Amino acid sequence: MEIYTPIPQPKTFGPLGNLPLIDKESPTLSLCKLAEEYGPIFRMEFHGGFSTIFLSGHELVAEVCNDSKFDKSLLGGLSKVRAFSGDGLFTSKTSEPNWQKAHNILVPSFSQQAMKGYHSMMVDIAQQLVQKWERLNHNESIDVPDDMTRLTLDTIGLCGFGYRFNSFYRENHNPFIISMVNSLDEAMHQSTRLPVQNKLLYKRKKQFEKDIQSMFSLVDQLIAERKEQGDQGETDMLARMLSAKDPHTGEKLDDENIRFQIITFLIAGHETTSGLLSFALYLLLKNPEVLKKAYEEVDQIFTDTVPTYKQVTRLKYIRMILNESLRLYPTAPQFTLYAKEDMVIGGKYQINKKQNVAILLPQLHRDKTAWGEDVEEFRPERFKDPSKIPHDAFKPFGNGQRACIGMQFALHEAALLLGMILQKFNLVDHSNYHLKIKQTMTLKPDQFTMQVKLRDKRDNDVAVNKNHSSHIKKIYNSPNSSIIGINNQPLLVLYGSNMGTAKAIAYEISEMASSYGIRSELSALDDAVNKLPTEGAVLIITSSYNGKPPKNARKFVQWLETLEQGELNGVQYAVFGCGDTNWANTYQEVSRFIDEQLVQKGASRFSPRGEADVSGDIEEQLQVWKQTMWSHAMEFFGLTQFEVNQNTLSIQYINNESQGIFPSNSMETVNRVLYRYRLNGNDQVILTTNNETFSYLPLNQTLILSELLMDYVDLHHSATREQIKELAEYTDCPPHKRELEYLLQNGVYEEQIVRKQVTMLDLLEKYQACEMPFERFMELLPPQKVMAGIV
């Protein structure tokens with residue numbers, strides 16, 4: 001008989017078990033104190049024989065953070081939150097149909113393209129906070145958690161549901177937020193009381209029910225109003241909830257589940273992010289050297305009055321600050337799993353089937369065996385190299401398939417706001433604040449106030465001018481040449497993508513190949529099972545999703561594993577992986593596995609595997625790989641190329657150290673469009689559509705026309721046959737119409753359009769009789785190259 005090591009347990013108090021040891025006001029933090037005494041694993045018993053095992057050692061956590069052996073548990077506080085969030089994403093069981101359905105439907109709401117669309121709305125709300133702080137009286141203090149709550153609630157309300165809480169225009173919080181805070185607080189306390197206590201506290205129970213109905217009332221109103229106004233071309237989360245179908249079942253979400261999803265996003269989308277921003281500001285106040293570096297980065301990058309999406313993605317040190325803040329003070333401080341089967345962890349601790357195991361994140365993030373002896377120090381540089389982040393020792397956004405899908409939304413919002421605050425203000429610790437943590441279901445600094453002073457604009461301008469005194473120069477070109485001899489060697493471009501980024505890259509490469517005269521085909525990886533060609537080449541673009549293949553690549557990966565050595569002889573391929581270093585322990589896992597499997601099964605790699613980090617400069621990484629891949633392809637297949645008018649990609653050097661690639665149209669090209677259509681580039685426009693094809697455009701928001709033309713569409717792409725055909729249809733002049741139609745002929749198109757890289761704009765300028773409307777011109781333009789975002 002095997003003998004197991006007993007799991008440590010504090011002393012019990014009769015039928016109450018270990019319950020009296022938990023501080024009802026700060027349950028997680030009191031459990032962390034017990035972890036300091038009893039070690040990385042200990043057991044707690046509660047009334048009725050119910051028990052939970054608490055873990056805080058990264059090696060033990062790594063064993064239980066395995067979706068095949070453990071799943072999310074809803075016992076404890078989450079079971080009480082379920083009273084008002086139902087089977088929403090956060091509080092549903094993985095086995096419930098609505099979890100998978102909603103997950104499939106809502107994941108695209110956090111894609112790279114979606115994130116870019118949210119940016120201007122995030123700026124809108126952030127500017128309201130900045131304006132409020134600018135207008136404060138001298139020596140007036142700021143209630144930081146309160147203002148951060150107003151900001152994050154308004155942001156998720158506007159981005160997610162097109163609703164303005166207008167928190168900065170009212171003295172007291174919106175009734176919804178009051179009911180939400182009350183409900184979260186009561187849910188936490190219910191989980192620490194005996195059942196009989198909850199029954200006896202009649203007034204609290206009635207208030208809990210009243211607060212829930214108050215939340216339901218607002219959300220049901222949002223749903224009803226959106227349904228009443230009909231489809232106006234919205235592309236926000238609510239629009240997806242109401243109209244999108246699960247691609248696997250073809251089913252939509254019902255109204256009750258939509259209610260629960262909205263409440264879930266309003267809670268998760270504001271509570272944790274407001275806490276993150278509050279802790280980050282506190283830590284900056286207490287660490288002046290870090291604050292100085294943060295100012296330097298912001299002054300270097302935020303050179304415009306209003307930060308652009310690109311600029312926010314370049315705030316590397318600010319991201320390190322946010323991650324280090326989450327390490328020390330994870331705002332969602334624990335999550336609970338249950339065992340699917342009997343097992344042993346750590347080689348000696350028995351875990352029974354259905355046993356609950358809770359991860360104490362504040363303690364896990366201070367595991368000295370993973371992070372070193374300086375765990376209490378605020379040192380953002382820990383996150384400079386994502387590959388050095390300890391495996392399974394950093395989990396502020398949860399784990400596995402139940403991890404937070406809004407991670408990139410939260411981090412982009414937080415980086416933007418923190419950058420805008422530092423751009424404008426000096427932070428002042430006027431009261432020498434000493435940290436006290438308040439816990440509801442999340443953590444926040446309690447009664448944290450500070451003051452701000454407007455920064456000296458002259459100093460800021462000097463820093464900006466100094467950082468931008470270096471010249472702008474050309475770094476390299478993407479393959480801007482046509483290829484001779486490729487027609488007999490087709491290209492198959494395969495993608496594995498859940499959220500659209502990998503698919504967009506694959507589409508771009510396929511389109512580029514077609515414009516060069518390459519016979520190109522685009523398909524999902526699963527469609528290529530048993531069909532990898534030995535003729536031509538195969539390009540595979542795939543993401544990793546918590547270390548697992550995307551849904552449209554699972555069959556392909558399984559198929560690769562079943563093949564014998566040599567079965568893929570003759571297949572020529574290259575792989576490019578999309579990943580996110582915020583999930584460092586599974587970064588590029590799928591692309592790496594596919595690459596290795598293909599070689600093992602006999603395929604030949606004609607170019608090394610490439611990879612890109614959507615939390616980094618994905619554009620530069622992708623462009624470098626494409627240049628290398630095309631070069632290797634030319635050599636491997638014995639092809640030749642001839643030079644044509646080249647589109648260039650520019651880079652700006654800052655202090656001759658860091659660099660960033662900005663794939664946008666030149667102002668000269670934008671002015672050509674404006675002149676052709678007699679438009680004013682300073683005009684503000686709002687784009688609307690009911691066609692999901694144009695989700696890459698910033699729909700239903702106000703923006704400057706010249707910026708739209710510069711950043712969102714590709715004006716340099718060679719005209720496609722579809723574009724030329726439509727130009728001809730809009731041309732009444734018979735000679736010009738015939739000339740355009742002549743360009744569609746085989747051979748003529750390749751010679752006159754592809755080789756010379758003639759664009760649709762070039763043709764519009766040449767054929768003035770063409771009366772294609774500006775709206776249709778915009779619809780026919782391809783999207784600008786892929787930006788950083790969620791994979």
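Predicted model: local features only at pLDDT ≥ 70, side-chain atom pairs only at ≥ 80, totals over all residues.
Visitor: How is a pair of packed helices described?

Guide: Two packed helices are characterised by the distance between their axes and the angle between those axes. For helix 3 (residues 77-85) and helix 9 (residues 202-229), the axes come within 9 Å and cross at roughly 45°.

Visitor: Which residues of helix 3 and helix 9 make the contact?

Guide: Helix 3 contributes Lys80, Ala83 and Phe84, while helix 9 contributes Phe208, Ile212, Met215 and Phe216. By class, this contact has six nonpolar residues, one charged residue and no polar residues.

Visitor: At what angle do helix 5 and helix 18 cross?

Guide: The axes of helix 5 (residues 112-134) and helix 18 (residues 407-424) cross at roughly 35° and come within 10 Å. The crossing in which helix 5 passes helix 18 is right-handed. On helix 5 the contact residues include Met115, Tyr118, Met122 and Trp133, and on helix 18 they include Phe409, His412, Leu416 and Met420. Classified by residue type, the contact of helix 5 with helix 18 has 13 nonpolar, four polar and three charged residues.

Visitor: How do the strands of a sheet pair?

Guide: They pair through backbone hydrogen bonds, in either a parallel or an antiparallel sense. Here, an open sheet of five strands shows mixed pairing, with the order 1-2-8-5-3. Strand 1 (41-45) and strand 3 (70-72) are the edge strands, each pairing on one side only. From one strand to the next, the twist averages 35°.

Visitor: In what sense do strand 1 and strand 2 pair?

Guide: Strand 1 and strand 2 (residues 51-55) are antiparallel, paired over five bridges. Glu45 stands opposite Ser51 in strand 2.

Visitor: Which strands does helix 1 lie across?

Guide: Helix 1 (residues 27-38) lies across strand 1, strand 2, strand 5 (334-339) and strand 8 (356-360), and runs at about 125° to strand 1.

Visitor: Where is the pLDDT below 50?

Guide: The chain as a whole averages a pLDDT of 85, with 89% of the residues scoring at least 70. Over residues 461-487, however, the pLDDT is below 50, and this stretch has 74 contacts in the model beyond near neighbours in sequence. The pLDDT also stays under 50 over residues 786-791, for which the model has 38 contacts beyond four places in sequence.

Definitions and conventions. Residues numbered from 1 in each chain as written. Heavy atoms only, no water. Axes fitted to C-alpha atoms, helices over the stretch in contact; angles between N-to-C directions. Helix = DSSP H or I, 4+ residues; strand = E, 2+ residues; numbered from the N terminus. Contact = heavy atoms within 4.5 Å. Nonpolar A, V, L, I, M, F, W, Y, C, P; charged D, E, K, R; others polar. Pairing = 2+ DSSP bridges. Left-handed = near helix turned anticlockwise from the far one by under 90°. pLDDT = per-residue confidence, 0-100.
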